[in-house]
Amino acid sequence: MKSYKVVGNGVPLEECNSEIPQPQGKQVLIKTIACGVCHTDIHIHDGYFDMGNGNQIPSRVTEPLTMGHEIYGEVAGVGEKVKDIEIGKKYVVYPWIGCGECEQCKNDMEHYCGPFTSKNLGVSVDGGYGEYVLVDDSKYLFDAGDTPEELAGSYACRGLTAYSALKKANPTKGDTLVIISAGGLGLLALKIAQAAYDVKTIVVDIDDEKLKVAKQEGATEIVNSTHENAASKIMELCGGAASKVLDFVGSESSINFGYNLFGINKGGLYILIGLLGGKFDLQLPLHTFTARTISGTYVGSMQEMKELMNLVRSGKIEPVAVETRPASQASVTLSDLKLGKIKGLVCLKH
Ligand SMILES: [Zn+2]
Ligand SMILES: [Zn+2]
């Protein structure tokens, strides 16, 4: 089987040929059909996350590694203990697999399993940039209904992340949500917000082309944050000040812009999702007397995946367009994504 592996920080992925793995016990072998290229892959490939002030933390434990955690594929084989899965059936794979033994894993919070114990597909063990992926248990497989093949895998990371962030925002009817980023994650959040909640959405980005796509995809309002008076325009659209901001960028400039949208209002909720990097100075008395919350969120639980995939199968979430490229272009696709050249979502097809 072919796979495209990270063999060093930031250097081109290497095409490798290896034996197709054999599923054993409860394992299922998935033949990858399509795998989304997510922004996190850029950080894994680079080898670090930017912590601000020139500080970095490593973003991957193993090398070489086949990335790809937004996997959609068909069952190619099963271990001797698997009874409930048909060969040839197609599934989205939940990649946030834990050790199964720690307290978090036992409490249905496998996605909170530690970085040295988890077995996240495409992050800590080989994933969907390979033609075949070994999955530990059939419980991680989800039917995607009529979802287009090139989009389905993206529900396992970007879709799930957006869904979990929206649940934390817990919007009520008529709320206005500020969504920072009109990239792939922001667009999925927009679609899921429209399907699951009766809310208005203001999508914010620095790129007019991406904002145009967000408007076509149904954003109530779009605002370019680099334009003069952008913040006051957003606050006005929110009826004075924002109350719920979802930051899918997670950079110094995005949080400095987004946090100020609360004005002097109390009770603002800031959900931090993106991993672009940097740091943020918090003025403690201001944060305290305005009773604000900054909440980090990381992918989503198996329970949230079940809820999201029910929503996906119901057909309520309008599919977003996905650009498709052959898996052999994995390296150039990563650099295009890093350079901001990709509008919307992109996936690799095997
Ligand atoms: Zn991802
Ligand atoms: Zn664990």
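The paragraphs below go from the domains to the nonpolar core and then to one helix.

This is a predicted model, in which local features need pLDDT of at least 70 and side-chain atom pairs count only at pLDDT 80 or more, while totals for chains, interfaces and linings use all residues. Residues are numbered from 1 along each chain as its sequence is written, and chains are lettered from A and ligands numbered from 1 in the order in which they are written.

The protein chain splits into domain 1 (2–157 + 299–349) and domain 2 (159–296); such bounds come from an automatic or database domain assignment. Their C-alpha centres are 26 Å apart. In the contact between them, domain 1 contributes 25 residues and domain 2 contributes 23, where two residues are in contact if their C-beta atoms, placed from the backbone, lie within 7 Å.

In soluble globular proteins, nonpolar side chains tend to be buried together. Here the largest nonpolar core has 94 residues, a core being a set of buried Ala, Val, Leu, Ile, Met, Phe, Trp, Tyr and Cys residues joined through C-beta atoms within 7 Å. Buried means that 20 or more other C-beta atoms lie within 10 Å of a residue's own. Helix α5 (residues 184–196) gives the most to this core, seven residues; helices are DSSP runs of H or I with at least four residues, and strands are runs of E with at least two.

The buried residues of α5 include Leu185, Leu188 and Ile192. They pack against elements including α4 (158–169), β12 (200–205) and β18 (345–349).

Definitions and conventions:
A residue is buried if 20 or more other C-beta atoms lie within 10 Å of its own, exposed if 12 or fewer, and partly exposed in between; C-beta atoms are placed from the backbone.
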